[in-house]
Structure formats: C-alpha cells, structure tokens
Amino acid sequence: MSFKFKEERPNNGLAINYIEDDKFNTEAIIIRFITPLDEVMPQQYTAVVSMLAESSAAFPDKALMAKQTAALYGASLGSFSYKMGDHLVAGLSVSCIDDRCTIDGECITEKCADLILGCIFEPNFQDGMFDQSCFESKKREMIDRIKSSADNRHAHAIKRAREIAFEGEPAAEDKLGTLEGAQRLKNSELVKAWRKMLDEAFISISFCGGGRNKSAQRMVIDRFNELCGKRGFSGELSSLNAPSPCKSSPLEVTESISQAQSKLIIVYKICGENQTADSLACVMLGGSAFSKLFVNVREKLSLCYYCQSAIVDCKGAMMVDSGVAPGNEQRARDEIFAQLDELRKGHFTDDELVNAKKYMKSSLRATYDAAEDLNSWYFSRFAKGNVISIDEQLKMIDAITRDEVIKSAEGFKLDLVYILKPQEDEGATDE
C-alpha cells in the first residue's frame, strides 16, 4: 500500500488535504464550506449548495448537467449538508475515473475540476438571481423534505432529543430549518447566502483518489487561493469541537404523537478527555451486535425492537436510541441504566474488551478500501482538531486498558431521558 496524506494551509481560512493511494482508479474533489450554525443560514446554505450542484451558467439545467457528467465517463457531481458540533458543513463534490483509464488518455479530471468550479463561481443566474424555475423546484423540494422528516417518527424523535439536549446551543438547530422558514424562502435571500458563503465560510478542499490529477488540483487551488486572498478572512478554525455542558439536573421529557411504537432516547454528556476510550466504552455498551444493550436489553429481555448507542461527534455527548413497545418504557430505561452501571463497575470479561477492540479496528481498517471513506475519516479528524493516521488510531485502540474503559463509562453523565409515546386514542402505523 502506498497511502499518503498531507495537509496544507496556503491561505487564511483555507485548508487543503491530499489523500492518495495509487491503488485507486478514481479521483474526487470535495469542497466544504464550514460556517457557524444559527437559525437561518443552515437552511439557506443547504438550499444553495443543492442548486449549485444541479446547474451552472455553462450547463443551465439538470438535463444538460446530466448529459455533461455522462460524457465525462459517468462522473458524479453532487451536494451535501450536515452538522458537526455547532457548525454546518455544506458543499459540493465531483468524482470521476482516473485519466489513465480513459480512451486515448483523455484528460477528464481537468474537465471535472472546471465543472465544479463553474457550479460554485458561475451559477445558473438569470438577471442576477438564481434561475427562477430552479429556485421554485428547490424550494418545493425542501418543503417536502421537512414534511417527510416530520412524518418519520424516528427522525422526529432524534430531532426533538437533540433540540432538548442542546437547548441554547447552535447544535439544537436543524440544517433543514423550519417549514415556515422554507415557505418564506426568497430567491434574493439565497443569492445573498451564496455570496456570504464564499466571503465568510472556512473552506476545506480535499483531493482524494490515486493522486494523478495534479493539473486539476492546481486549477482548484489557484481559484480558491485567489478568492481567499481577496476576501480578508479574519478567523481561523482549529477544530469543530463544541462540548455541550451537562445540565444541573437531568431532564425527563415525554411527548405524544400518532404512532404505534414508543421511542426512548437517553442522552449522556461526556466528562472524560480520552476520546478513544469513550468510543470503545460506547461500542461495549451499545455499539455492536455483542454489546451489553443488544445482548441484554434487546435479546434476553426483549424490551426493545432496537437499542444502540453512538457518540455525537464534536458535542461531547453519547446518545442511546431505542424503539420500545408502549408500556415498556420504564423497564427499558431502567435496564439501560443498569447495563451502563455494569460497565462502570468493570463487570465485563476480557473477551468483551478484546472483541470490542477487534470490532473498532476492523471497521477502521475497512476505511482503506474506499476513497470516500478515507476522505470522511480524515475530515472527521480535522473537525476534532487532531489529525492522526488510521494506523496511529489503531495503536491507540490497542493501548486502551480496562481501567480506562471504566473511567470513560463513569464520565457518561445523564443529561436527558426523552420518550415519544403513541397517542392513547390512536393506533397509527409506525415508521
């Protein structure tokens, strides 16, 4: 394996990552705009990047854009938007096959670089606004996504639990925003949001693949160096970590909605400082098919349809998510507490510890198999302010001791118990 990783900071407010392995026959360019979360901008930025990826001045509708990507050997162009800590990460990506795989050595990586740059810097504008039909389509799509999310009971429960657990923090905001906000969206507002994103966001660019697209890389770097050299970006970004403080006393919140199954979500705030040990403790509690929650709460006692735990990245929190038959909420809650206490008391075998480490390391090694997974891994490390290699992380997992797992489990402080119950007079179909 000839894997290489390198990071550069050529300009204030700009980070460039090179993730290369010559076994890959693809090349990808990922451009991320990182901005603080607030009540309005996440919704606008999410809509903006989605529109940017669908058309540009050179390819002014979805059909022409699709025809162009098909001509580039089926290149893939898309947008993304998600939360990390108290920040929104939104952007565009393009991926294609390596130039050496094309007929007669056609240089399509440069064409793909030009395509994504055109989408970002030369949008499909008409009279200084986004194409009106594109805007209306995107507005309807966002409204439909918000309604669909509200109708998905599991997504609704997770959203409400996050809102309550992180109340008063930017992380409580939803990237899709409110239905009312989406209905009020204006074309002119999104134009301003596009300009604000280019002027004020921290920009992270990743080149991921075989590393044989140097001329395409230079095209992208030159364009963003030019942008960043002019905009006078005053801030810097060392990490996206924004640990959430634990409440003075845990909250218990119960709400009702039309559904058949109860959702029980328990949020813990993490007080420890060993992120690797925290992750291992989380896996042993409910992060695998041999975890305490799966084996005991789900399988032995049949209290949950599913029961799993996961770390909330960059927020210093762990969430236990479960689906429970109505009437079993209290028993399931008590048993989840009991299983965490078992972990805190060190009531786990050496085999449980070894198997959890193997599970984590196996998942981590699999990251090497796909360029997009490598890109996600290194960006997550960038977000946490500690860029280390996968091999370094594997060694850190091996080094975790029983006492460190116990200490991490002791540092999981109860913050919220949230229950979403069925309405008593309804027997709706659950999702």
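Predicted model: local features only at pLDDT ≥ 70, side-chain atom pairs only at ≥ 80, totals over all residues.
Reader: Let's start with the largest pocket: what volume does it have?

Author: Its lining is made of 49 residues. By class, those split into 23 nonpolar, 17 polar and 9 charged residues. As for the volume of the largest pocket, the value is about 1200 Å³.

Reader: Which element supplies the largest share of the lining of the largest pocket?

Author: Several elements give at least two residues each, among them β4 (76–84), β10 (262–270), α9 (275–286) and β11 (304–312). The helices α12 (350–365), α13 (371–383) and α14 (390–399) are on that list too. The largest share is 7 residues, and the element behind it is α13.

Reader: And which residues lie nearest the centre of the largest pocket?

Author: Helix α9 (275–286) and strand β11 (304–312) each bring at least two residues to this lining. Out of the 49 lining residues, the ones nearest the centre are Q275, S279, I311, D313 and K384.

Reader: D278 has no salt bridge, so what is the nearest side chain of opposite charge?

Author: D278 sits in helix α9 and is buried. Leaving out residues up to four places away in sequence, D278 touches I270, G272, I311, S408 and F412. A salt bridge needs the charged atoms within 4 Å, and the nearest side chain of opposite charge is 9.4 Å away; that residue is K407.

Reader: How far away is the nearest side chain of opposite charge from K139?

Author: K139 belongs to helix α4, and it is buried yet has no salt bridge. Beyond its neighbours within four places in sequence, K139 is in contact with A182, Q183, R184 and L185. The nearest side chain of opposite charge is that of E136, and the distance is 5.3 Å.

Reader: Is C314 buried or exposed?

Author: C314 lies in the loop between β11 and β12 (317–324). Its phi is positive, about 70°, although C314 is not a glycine. The relative accessible area of C314 is 5%, and the cut-off is under 20%, so C314 counts as buried.

Reader: Y73 isn't a glycine either, so what is its phi near?

Author: Y73 is placed in the loop between α2 and β4. At a relative accessible area of 29%, Y73 is partly exposed. Its phi is a positive value, near 55°.

Reader: Why does L64 count as partly exposed?

Author: L64 is in helix α2 (residues 62–71). Its C-alpha is 9.4 Å from that of E54, which is 10 residues apart from L64 along the chain. Partly exposed covers what lies between the buried limit of 20% and the exposed limit of 50%. L64 falls in that class because its relative accessibility is 36%.

Key: Residues numbered from 1 in each chain as written. Heavy atoms only, no water. 1 Å grid on protein atoms, 1.4 Å probe; cavity = no way out; pocket = protein on both sides within 12 Å on 5 of 7 lines; lining within 4 Å. Points joined across faces, edges and corners; volume = space filled by probe spheres on them. Helix = DSSP H or I, 4+ residues; strand = E, 2+ residues; numbered from the N terminus. Nonpolar A, V, L, I, M, F, W, Y, C, P; charged D, E, K, R; others polar. Buried < 20%, exposed > 50% of the residue type's maximum accessible area, 1.4 Å probe, protein only. Lys, Arg positive; Asp, Glu negative; His and termini not counted. Contact = heavy atoms within 4.5 Å.
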